[in-house]
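Hello,

Here is the structure we talked about handing over. My notes follow below it.

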Amino acid sequence: MTKSGIYQFLNLVNGHRYIGSAVSLTGRRGQHLRDLRRGIHHSRHLQNAWSKYGEAAFEFRVIGTCQPQNLIRMEQHLIEDLRPEYNIHPMARWPLGVVRSPETRAKMSAWQKGAKGRPHSPEA
């Protein structure tokens with residue numbers, strides 16, 4: 001069973017944090033770690049700290065679990081209360097249910113291929 005909830009990446013050296021929410025906490029943790037290890041995380045503040053202090057200085061912690069429909073409200077409350085240093089945006093955002101145009105999807109695909117350096121094979 002997949003757990004949804006609110007999490008943080010905590011810098012054990014200086015106490016700074018990144019707060020987020022996810023329908024799948026395990027999956028989201030894995031995506032963050034992949035991006036941080038590759039140097040392509042969307043939060044430049046978290047990426048810079050990760051590069052400076054190293055992976056061992058960070059801990060992924062689940063703050064709480066909740067139903068998916070409550071994630072954004074709870075995340076926003078924690079962002080306002082804790083003022084996490086590594087979050088770029090002051091507002092909790094969640095793309096679930098967002099319908100993107102074919103043009104926007106093509107642009108996002110092109111960016112992903114260039115940013116991550118992994119174009120798909122014709123078979124994919």
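This is a predicted model. I began with helix H3, whose buried residues are Leu71, Glu75, Gln76, Leu78 and Ile79. They sit on the same side of H3, because the arc they cover around the axis is only 165°. Their packing partners are three strands: S1 (5–11), S2 (17–22) and S3 (58–65). On the face turned away from that buried side, H3 carries the exposed residues Arg73, His77 and Asp81. The helix itself runs over residues 71–82, twelve in number, and reaches 16 Å from first C-alpha to last, close to the 16 Å expected at 1.5 Å a residue.

Arg83 follows H3 and belongs to the loop between H3 and helix H4 (102–116). Most residues other than glycine have a negative phi. Arg83 is not a glycine, yet its phi is positive, at about 50°. The side chain question is simple to settle: is Arg83 buried or exposed? Arg83 is exposed, with a relative accessible area of 65%.

On the cores: the largest nonpolar core has 14 residues, and those touching the most other members are Tyr7, Phe9, Tyr18, Leu46, Trp50, Phe58 and Tyr86. Two or more residues come from each of S1, S2, helix H1 (25–38), helix H2 (44–53) and S3. Leaving aside neighbours within four places in sequence, the contacts of Tyr86 include Asn11, His16, Arg17, Tyr18, Leu46, Ala49 and Phe58. Another core, of seven residues, lies apart from the largest one, and Ile6, Ile19, Leu71 and Ala92 are among its members. Leu71 is also one of the buried residues of H3.

Regards

Terms used: Residues numbered from 1 in each chain as written. Predicted model: local features only at pLDDT ≥ 70, side-chain atom pairs only at ≥ 80, totals over all residues. Heavy atoms only, no water. Helix = DSSP H or I, 4+ residues; strand = E, 2+ residues; numbered from the N terminus. Expected span 1.5 Å × (residues − 1). Buried < 20%, exposed > 50% of the residue type's maximum accessible area, 1.4 Å probe, protein only. Arc of directions from axis to C-beta. Contact = heavy atoms within 4.5 Å. Core = buried A, V, L, I, M, F, W, Y, C linked by side-chain atoms within 4.5 Å.
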